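I set out to record what I looked up in this structure, entry by entry.

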Amino acid sequence: MTQFHATTIFAIMHKGKCAMAGDGQVTFGNAVVMKHTARKVRKLFNGKVLAGFAGSVADAFTLFEMFEGKLEEFNGHLQRAAVELAKEWRSDKVLRRLEAMLIVMNEKHLLLISGTGEVIEPDDGILAIGSGGNYALSAGRALKRFAGDHMSAKEIAESSLKIAGEICVYTNENIIVEEL
């Protein structure tokens with residue numbers, strides 16, 4: 001899968017709760033930070049679904065709108081909406097050029113959606129994307145495994161992003177956390 005820079009999105013399902021965190025950095029090219037407080041994680045479908053993006057901002061907004069439309073079309077069925085979005089994204093000549101990835105979740109499912117047609121549900125209830133994604137993923141797995149009894153999903157999500165922000169130059173510590 002393509003690696004997208006200038007953001008980190010982390011999502012976790014833990015102890016019956018769901019949380020998604022994203023940093024606020026928007027980078028222009030590889031050298032200039034243009035914004036520190038972007039909101040890359042949001043609630044959709046009457047607050048029942050969380051979605052976060054990594055990649056081109058304009059492309060991500062297009063995908064947010066399309067995904068929300070699919071949620072409405074399929075009456076909030078997350079998996080069906082994700083599969084239909086991935087099929088359309090992959091098969092449409094214009095949409096195929098969109099450079100972004102999405103993580104979406106509700107209280108039962110956590111999914112990664114990509115433009116190459118993947119819809120992936122992780123085995124461990126944790127996903128991360130973006131340039132700091134692997135750092136946040138590693139931190140989140142360790143926190144869930146070793147401190148999970150003492151931390152909530154929201155606390156693990158926020159801590160994972162903070163750790164990624166200490167390592168990844170494309171991730172800052174202006175963190176937005178949403179939870180279900």
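The entries below cover helices, their packing and a few loop residues.

**Entry 1. The model**

I note at the outset that this is a predicted model.

**Entry 2. Helix α1**

I began with α1, which covers residues 57–73. I found that its 17 residues reach 24 Å from the first C-alpha to the last, close to the 24 Å expected at 1.5 Å a residue.

I then asked which residues of α1 are buried. They are D59, A60, L63, F64, M66, F67, K70 and L71. I looked up what covers these buried residues and found that the cover includes the strands β5 (41–44), β6 (49–55), β7 (100–105) and β8 (110–114), together with helix α2.

**Entry 3. Helix α2**

I turned next to α2, residues 78–91. This helix has 14 residues, and its first and last C-alpha atoms are 20 Å apart, close to the 20 Å expected at 1.5 Å a residue. I listed its buried residues as L78, A81, A82, E84, L85, A86 and W89. Among the elements that cover them I recorded α1, β6, β7, β8 and β9 (119–120).

**Entry 4. How α1 meets α2**

I recall that two packed helices are described by the angle between their axes and the distance between the axes. For α1 and α2, I read that the axes come within 8 Å and cross at roughly 130°.

I examined N75, which is found in the loop between α1 and α2. N75 has a positive phi of about 55° although it is not a glycine.

**Entry 5. Helix α4**

I moved on to α4, residues 153–167. At 1.5 Å a residue, its 15 residues should span 21 Å, and I found the end C-alpha atoms 22 Å apart, which agrees. The buried residues of α4 are A153, I156, A157, S160, L161, A164 and G165. I recorded that they pack against β1 (8–14), β2 (17–22) and α3 (133–147).

**Entry 6. How α3 meets α4**

At what angle do the axes of α3 and α4 cross? I read roughly 140°, with the axes coming within 8 Å. That angle makes α3 oblique to α4. I noted a right-handed crossing of α3 past α4.

The contact joins Y135, A136, A139, G140, L143 and K144 in α3 to I156, S159, S160, I163, A164 and I167 in α4. I divided its residues by class into eight nonpolar, three polar and one charged.

**Entry 7. F45**

I looked up F45 in the loop between β5 and β6. F45 is not a glycine, yet I found a positive phi of about 50° there. F45 counts as buried because its relative accessibility is 12%, and the cut-off for buried is under 20%.

**Entry 8. Two glycines in loops**

I located G29 in the loop between β3 (26–28) and β4 (32–35). G29 is exposed, with a relative accessible area of 54%. I also checked G29 against K162, which lies 133 residues away along the chain, and found their C-alpha atoms separated by 23 Å.

I then located G125 in the loop between β9 and β10 (126–130). At 12% relative accessibility, G125 counts as buried. Leaving aside residues up to four places away in sequence, I recorded that G125 touches A11, I12, M13 and L110. G125 and V26 are 99 residues apart in sequence, and I noted 27 Å between their C-alpha atoms.

How values were computed. Residues numbered from 1 in each chain as written. Predicted model: local features only at pLDDT ≥ 70, side-chain atom pairs only at ≥ 80, totals over all residues. Heavy atoms only, no water. Axes fitted to C-alpha atoms, helices over the stretch in contact; angles between N-to-C directions. Helix = DSSP H or I, 4+ residues; strand = E, 2+ residues; numbered from the N terminus. Expected span 1.5 Å × (residues − 1). Buried < 20%, exposed > 50% of the residue type's maximum accessible area, 1.4 Å probe, protein only. Contact = heavy atoms within 4.5 Å. Parallel < 35°, antiparallel > 145°, perpendicular 65-115°, else oblique. Left-handed = near helix turned anticlockwise from the far one by under 90°. Nonpolar A, V, L, I, M, F, W, Y, C, P; charged D, E, K, R; others polar.
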